[in-house]
Amino acid sequence: MEFLKVNNLTKTYLKDDQLIHAVDHVSFRVKKGSFIAVTGESGSGKSTLLHMLAGLEVPTSGEIILDKTNIYSFTEDQLTIFRRRQIGMVYQFYNLIPTLNVKENILLPLLLDRKEVDVNYFNQIISSLHIENELNSYPNNLSGGQQQRVALARALIHHPSVLLCDEPTGNLDSSNAREIADLLKLISIKYDTTIILITHDMNIAMQADEIYWMEKGKLSKYVEKL
Ligand code: ADP
Ligand code: MG
């Protein structure tokens, strides 16, 4: 089933009297539980695309249909709830809160949303991500790979239907990067989470079901480039 449909999506910025076509008439479709990688050079529009998918940046034109709903037809409040409940985000820098321990960092989104903790699901996630022995540790005492796995757990704690990752392995060595990519693959299968991963690293992109290439705001299937 086509879960995510992006139609003619465009984002244009005006900078110093110049129009920048950051995302230029992008269309693609993603099935539920698919793992998609988007690669391309710096400045090609990848993060802008991801922010629009997250409901964080209003498109100049075009539409994003998630589970049959146009997300930019939402009111501001509905969009906030949509973001909180449907979208998980992971960035290059883990953005963990240094004064909270691992368990508290992971559960923070539920606390902010006044939601009960599903203990069974929590235990599943921490064990899949191999952080069950670090729950009382503080972020500063963890390696980069461990911190990113905690950030991943935090992004997953509210069962998002879509997980958006912006260069999550950009700060990791190749073995930790590979582990994160393997975990993303596992998550897409185990929880039927639709994953969109931005990466510069072809070895990481190869883990995905499909690879797209972004260049000057245009998106194409990577195979078409070969
Ligand atoms: P990538 O993530 O592929 O490096 P970005 O999506 O960050 O690319 O940026 C795409 C283009 O849009 C770049 O030329 C960037 O300078 C421009 N851009 C991004 N955000 C803004 C903004 N808020 N205002 C003006 N230009 C922007
Ligand atoms: Mg970027």
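User: How do the residues of the shell around ligand 1 divide into nonpolar, polar and charged?

Analyst: The shell holds three nonpolar, six polar and three charged residues. Ala, Val, Leu, Ile, Met, Phe, Trp, Tyr, Cys and Pro count as nonpolar, Asp, Glu, Lys and Arg as charged, and the others, Gly among them, as polar. This is a predicted model, in which local features need pLDDT of at least 70 and side-chain atom pairs count only at pLDDT 80 or more, while totals for chains, interfaces and linings use all residues. Residues are numbered from 1 along each chain as its sequence is written, and side-chain values use heavy atoms, without hydrogens and water.

User: Why is the pair of Y121 and Y191 called edge-to-face?

Analyst: Rings of Phe, Tyr and Trp (its six-membered ring) pair if their centres lie within 6.5 Å; planes under 30 degrees apart count as stacked, over 60 as edge-to-face and the rest as tilted. The centres of Y121 and Y191 are 5.5 Å apart and the planes stand at 85°, so the pair is edge-to-face.

User: What makes the pair of W213 and Y222 tilted?

Analyst: Its ring centres are 6.0 Å apart and its planes meet at 55°, so this pair is tilted.

User: Why is Y121 called buried?

Analyst: Buried means under 20% relative accessible area, exposed over 50%, and partly exposed in between (1.4 Å probe, protein chains only). Y121 has 5%, and is therefore buried. W213, at 15%, likewise counts as buried.

User: How do you know that K32 lies over the face of F3?

Analyst: A charge sits over a ring if NZ of Lys or CZ of Arg is within 6 Å of the ring centre and within 35 degrees of the ring normal. K32 lies over the face of F3, at 4.9 Å from the ring centre.

Definitions and conventions. Chains are lettered from A and ligands numbered from 1 in the order in which they are written.
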